[in-house]
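Have a look at the model first.

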Amino acid sequence: CTSVADQAVLWGEDFAPGLDGCAGDCWGQPQCTVHCLQSLSLSGRCAQCYGAAVACSQTTCRPDCSWDAKSEACRKCTGARCFPDLSACAGATVPHASPGG
């Protein structure tokens, strides 16, 4: 996620709603999420990092996130348990990679 092109997508105003849409449309399935994110012009490698983070939120944080992915409990869980791996995978500072973000 370190390329100029990926950074432009990640920090663009359409990324957060696009990520939410992909995650919801794909029911947290990583490969579907990856393909969906690539349609938003994210590189395959970067999309895989986000696909894994979405899958983590669906498996590791299911009790906190299944009814409301924007709830405080979900944000705390994914911030602590999923997004550190996202940041490491991405190799760069990325949006939604901190608790509550």
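This is a predicted model: local features need pLDDT of at least 70, side-chain atom pairs count only at pLDDT 80 or more; totals for chains, interfaces and linings use all residues.

Residues are numbered from 1 along each chain as its sequence is written, and side-chain values use heavy atoms, with hydrogens and water left out.

**α4 with α7**
- Helix α4 (residues 44-59) and helix α7 (residues 83-90) pack with their axes 9 Å apart, at about 170 degrees (axes are lines fitted to C-alpha atoms over the stretch in contact, angles run from 0 to 180 degrees between N-to-C directions; helices are DSSP runs of H or I, at least four residues, numbered from the N terminus).
- That makes the two roughly antiparallel (over 145 degrees).
- Arg45, Cys49, Tyr50 and Ala53 of α4 touch Phe83, Leu86, Cys89 and Ala90 of α7 (heavy atoms within 4.5 Å).

**α3 with α4**
- Helix α3 (residues 30-38) packs on α4 at about 135 degrees, axes 8 Å apart.
- On the α3 side, the contact includes Pro30, Val34 and Leu37; on the α4 side, Ala47, Tyr50 and Val54 are among the residues.

**Salt bridge**
- The count is 1 salt bridge (a side-chain nitrogen of Lys or Arg within 4 Å of a carboxyl oxygen of Asp or Glu).
- Asp20 pairs with Lys70, the closest N and O atoms being 2.6 Å apart.
- Asp20 sits in α2 (residues 15-25) and Lys70 in the loop between α5 (62-65) and α6 (72-81), 50 residues apart.

Terms used:
Angles under 35 degrees count as roughly parallel, over 145 as roughly antiparallel, 65 to 115 as roughly perpendicular and the rest as oblique.
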